[in-house]
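Here are my notes on this model, point by point.

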Amino acid sequence: MTQTGAMDAERKMQFLFALRSKGITDKRVLSAMEEIDRGPFIRGLFAERAYEDMPLPISCGQTISQPSVVGLMTQAAEIRPRDKVLEIGTGSGYQAAILSKLARRVYTVDRYRKLVGEARELFEDMELHNITAMTGDGTRGWPDQAPFDRIIVTAAAEDPPSPLLAQLAIGGIMIVPVGQSDAVQSLIKVTRSDDGFDYEELLPVRFVPLLEGLGRE
Ligand code: SAH
């Protein structure tokens, strides 16, 4: 029988090898991804595929991102230990859990109450006390807590939403997939300086769309 749930030594080695081979070289990012077991973030049928480098279905018709894409986004965000980070698109909570190992404080928002509820339970179980999760429309950001040193958007927008640009601190970095939802999108790194925003294209990606308003579940 195949073993599910636990990241045993061999799976862990293969998982980390796959991440390195896809270009994740930052030691802090690798060790955060070693610490956070992806298994518990995937429920049901697909749980046994948790250690494969592929996106998988989660509740509410959404997906948990591919681990190497999570790693590349996290690495590109250059998170520092004192940073306050905003994630749009909590989904399973996996990306937020990794961010919580690298940053001082993580705020994460999803438009599905059910996903936020399930993710909160996992954060509690894993004793990740520096994450705050909220149900809401992430296209508006989280004005009460702005500005953010880093913003990671894990759903694709046609353009980076302007409230998110406004909530990015000077010197801050935002990572966001940009493009049509049914096509290949580009992962963009936005850097805010005193005089404005600088945009760098990182890699082609495919994310579920960033939708306005709340989800039904
Ligand atoms: N980061 C997640 C993967 C997210 S999938 C993980 O680690 O598992 C993208 C998520 O973005 C979905 O859960 C979807 O509900 C959410 N989403 C889409 N539009 C949104 C919006 N306007 N505000 C908040 N969340 C949104």
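1. The side chain of Thr74 reaches back to the backbone oxygen of Val70, at 2.6 Å. That is a polar contact (a pair of N or O atoms within 3.5 Å; within protein, one must be able to donate a hydrogen and the other to accept it, and residues adjacent in sequence count only if both atoms are side-chain atoms). Thr74 belongs to helix H3, residues 67–76. Helices (H or I, at least four residues) and strands (E, at least two) are DSSP runs, numbered from the N terminus.

2. On provenance: this is a predicted model, in which local features need pLDDT of at least 70 and side-chain atom pairs count only at pLDDT 80 or more, while totals for chains, interfaces and linings use all residues. Residues are numbered from 1 along each chain as its sequence is written, and side-chain values use heavy atoms, with hydrogens and water left out.

3. Is Thr74 buried or exposed? Thr74 is buried, with a relative accessible area of 1%. Buried means under 20% relative accessible area, exposed over 50%, partly exposed in between (1.4 Å probe, protein chains only). Leaving aside neighbours within four places in sequence, Thr74 is in contact with Val29, Ile79, Gln95, Ile98, Leu99, Leu102 and Ile152. Contact means heavy atoms within 4.5 Å.

4. Next, the helix pair. The axes of H3 and H4 come within 11 Å and cross at roughly 35°. Axes are lines fitted to C-alpha atoms, for helices over the stretch in contact; angles run from 0 to 180 degrees between N-to-C directions. Val70, Met73 and Thr74 of H3 meet Tyr94, Gln95, Ile98, Leu99 and Leu102 of H4. The residues of this contact divide into 6 nonpolar, 2 polar and no charged.

5. The largest nonpolar core has 50 residues, and Phe41, Tyr94, Ile98 and Phe123 have the most contacts inside it. Such a core is a set of buried Ala, Val, Leu, Ile, Met, Phe, Trp, Tyr and Cys residues joined through side-chain atoms within 4.5 Å. H4 gives the most to this core, with 6 residues. Apart from it lies another core, of 19 residues, among them Ile88, Ile151, Val153 and Val190.

6. Met174 sits in strand S7. Met174 counts as buried, at 0% relative accessibility. Not counting residues up to four places away in sequence, Met174 touches residues including Ile151, Val153, Leu168 and Val190.

Note on methods: Nonpolar A, V, L, I, M, F, W, Y, C, P; charged D, E, K, R; others polar.
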